[in-house]
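Q: I would like to learn how to read a few features of a protein model. Please show me the model, and then we can go through them in turn.

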Amino acid sequence: MISKDNIVSQGRLVTVLGMVIVTFLVLMIRFYDLQIYQHQKFASRAEANRIREVAHPGPRGLIMDRLGNLLVDNRFTYMLSAIPWEVRRSPEVIPELAQYVDMSRDELRLQLQEGYRGAFIPVRLTSGLTFPTISRLEEHRLDLPGIFLSNDPIRFYPSEASLAHVLGYLREVDEREMNRIRRSGKYQLGDLMGWSGIERQYEQVLRGKKGYEYVQVNASGQEIGPVPDKEPVLPHPGSNLYLSLDVELQTYAESMFDTLRGAAVMMNPENGEILSFVSSPSYNLSVFSGAINASDWHTLQADTTRPLFNRGAVGTYPPGSTFKLVTAIAALEEDIVPTDWTVNCPGYYRLGRRVFKCWREGGHGRVDMYDAIEQSCNVYFYQLIRKVGIDNWAKYAGIFQFGERTGVDLPEESAGLLPDRQWMDNRYGERGWSEGHLLNMTVGQGNVLTTPLQMAKFAGILATAGKVVTPHIGVAYETEGGYLEKFEYPTSRITALDSSTYKTVLEGMYRVINGDHGTGRWARIPSALVFGKTGTAQNPHGESHAWFIGILKYKGDIQAIAVLIENGGSGGSIAAPIAGKIMRKSIELRESRNNTAIPTMLSEKLGNE
């Protein structure tokens with residue numbers, strides 16, 4: 001029976017129908033969104049929940065010295081990793097895991113926090129697991145969702161030489177690094193890559209290609225077996241790399257430093273090959289071989305001796321009296337004074353109201369240029385620089401490329417500082433600096449700063465009468481066909497200097513070693529020609545820095561060397577003896593190898609002499 005109460009007004013009917021239509025439209029749009037527009041996304045997530053892709057890094061290429069001695073090898077180790085998202089869903093996992101590994105709950109949480117790169121990106125917790133630990137973990141595998149083991153290659157260092165600052169270490173790619181290399185498409189967050197030293201410089205040569213295996217997981221993140229229809233992809237190793245270093249010489253040079261802080265660089269000035277590169281103190285590369293423990297990293301960073309700091313290529317120091325050679329060269333080239341121009345040294349030099357002291361309190365008496373270099377007389381060079389002037393001094397220091405990076409194949413290098421007139425005007429104002437600043441700079445003090453690597457290169461240029469080479473450590477790498485591909489480095493020659501200038505400076509350096517009053521007599525080697533210059537750079541923060549630069553000529557070979565000892569005191573008493581011992585060791589090694597200057601294995605492969 002039709003009642004007036006059952007009659008719906010037209011307006012209400014339209015409203016209800018509208019609501020129904022809108023509801024259906026919303027449902028249809030959402031259905032389209034889930035099933036069609038975002039199908040791939042949710043399908044991938046569903047697949048990821050079922051299949052876990054476990055990546056295995058390709059072994060990195062081996063690194064060898066010039067004799068083929070292995071410096072960096074790979075060995076496989078069991079790595080324990082965690083997927084943050086799954087561990088977060090099961091708070092009992094960390095306490096449970098701490099019972100089976102040699103890490104506390106706090107250490108595990110810290111490692112998980114420090115290594116976090118994303119919710120589904122595995123974090124390496126520790127490596128080098130022992131068989132009993134692996135057995136315990138496998139036994140309790142179902143109680144540890146999100147925790148898994150993998151057998152991955154890690155770096156192994158079989159050599160006795162430390163070489164930490166040369167070889168460098170690996171670290172995981174973080175967000176900052178990822179932003180820099182994202183376009184390459186070769187890396188993912190959490191991948192290991194060369195972070196410093198040769199490992200970073202030659203990353204693209206050494207880097208292997210990743211392999212993959214596919215594992216089924218249940219809804220709790222627990223592994224339940226392999227995926228039958230997905231074949232694993234095998235990893236591919238990187239290329240082997242050969243360095244110019246001589247590991248026996250390197251080991252010996254490192255032993256010279258023991259508790260000393262400083263650096264020593266020995267190189268072949270004819271081709272730029274670095275034979276030995278010491279930076280002390282150093283650190284144990286083994287802590288970086290796989291996933292570095294967060295506490296180890298913090299300990300290294302907090303060490304006040306700064307073992308991570310590369311003193312050979314990055315550390316800058318006033319060069320002390322080794323820089324007097326630049327003033328002598330400028331004076332000779334500009335024909336300002338002849339070599340027999342003399343100065344009387346009473347032990348001090350008065351400039352206006354200031355008194356500048358010579359290192360020998362009683363003075364050197366009357367000295368010419370040869371005497372001044374041999375005895376490192378400050379007073380001679382105080383007076384000489386007043387004739388030379390800052391413009392000539394900076395010009396010739398610039399010719400030897402001070403104030404510029406050498407271009408060594410290490411990712412970090414300092415340019416040092418070569419202050420010229422413009423720099424001084426900017427720093428002190430046009431009338432804010434005086435000749436007193438220049439007197440300081442001629443003896444390697446004041447604002448001038450150099451690295452030990454730059455000083456070795458400088459000695460090499462003097463040794464070869466103007467040949468400028470790029471110091472380098474990498475020599476060649478193996479191609480897939482087993483051939484060696486050699487790296488090329490730029491060379492040039494200084495043509496602005498007369499050969500007589502080199503001859504004069506080398507005569508002075510010879511007398512530093514062999515003269516009766518030479519300051520570098522401790523580097524003398526009777527069977528070889530040795531040239532040198534000592535330096536003692538005053539340091540406002542403590543004891544002076546000791547310097548020695550030298551040249552060794554023996555049976556047709558030439559080697560250049562620079563030694564710096566931080567707070568070592570006199571260059572003649574500590575840096576020169578160390579340089580002398582390293583040069584003697586170099587001769588000894590050559591003799592023991594049947595006079596083979598460029599050793600066998602690498603030279604044969606490269607088709608050299």
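**Helices, a sheet and cysteines**

A: Helix 11 and helix 20 cross in the right-handed sense. A crossing is right-handed if the near helix is turned clockwise from the far one by less than a right angle, and left-handed if anticlockwise. Helices (H or I, at least four residues) and strands (E, at least two) are DSSP runs numbered from the N terminus.

Q: What kind of model is this, and how are residues numbered?

A: This is a predicted model, in which local features need pLDDT of at least 70 and side-chain atom pairs count only at pLDDT 80 or more, while totals for chains, interfaces and linings use all residues. Residues are numbered from 1 along each chain as its sequence is written, and side-chain values use heavy atoms, leaving out hydrogens and water.

Q: At what angle do the axes of helix 11 and helix 20 cross?

A: Two packed helices are described by the angle between their axes and the distance between the axes. Here the axes of helix 11 and helix 20 come within 10 Å and cross at roughly 160 degrees. Axes are lines fitted to C-alpha atoms, for helices over the stretch in contact, with angles from 0 to 180 degrees between N-to-C directions. Helix 11 is therefore roughly antiparallel to helix 20, a label for angles over 145 degrees.

Q: Which residues of helix 11 meet helix 20?

A: Among them are Tyr252, Met256 and Phe257, and the helix 20 side includes Ile578, Ile582 and Leu589. Contact means heavy atoms within 4.5 Å.

Q: In what order do the strands of the open sheet lie?

A: Strands of a sheet pair through backbone hydrogen bonds, either parallel or antiparallel. In this model 5 strands form an open sheet in the order 12-11-23-22-21, with antiparallel pairing. Strand 12 (274-280) and strand 21 (529-539) are at the edges with a single partner strand each, so one side of each has no neighbour in the sheet. Two strands pair if DSSP finds at least two bridges between them; strand 11 (residues 262-267) and strand 23 (residues 557-565) have 6 bridges. Glycine 262 has isoleucine 565 in strand 23 as its bridge partner.

Q: How many disulfides does the structure hold?

A: A disulfide is a pair of cysteine sulfur atoms within 2.5 Å. The structure holds 0 disulfides. For cysteine 345, the nearest cysteine sulfur is that of cysteine 377, 3.7 Å away.

Note on methods: Angles under 35 degrees count as roughly parallel, over 145 as roughly antiparallel, 65 to 115 as roughly perpendicular and the rest as oblique.
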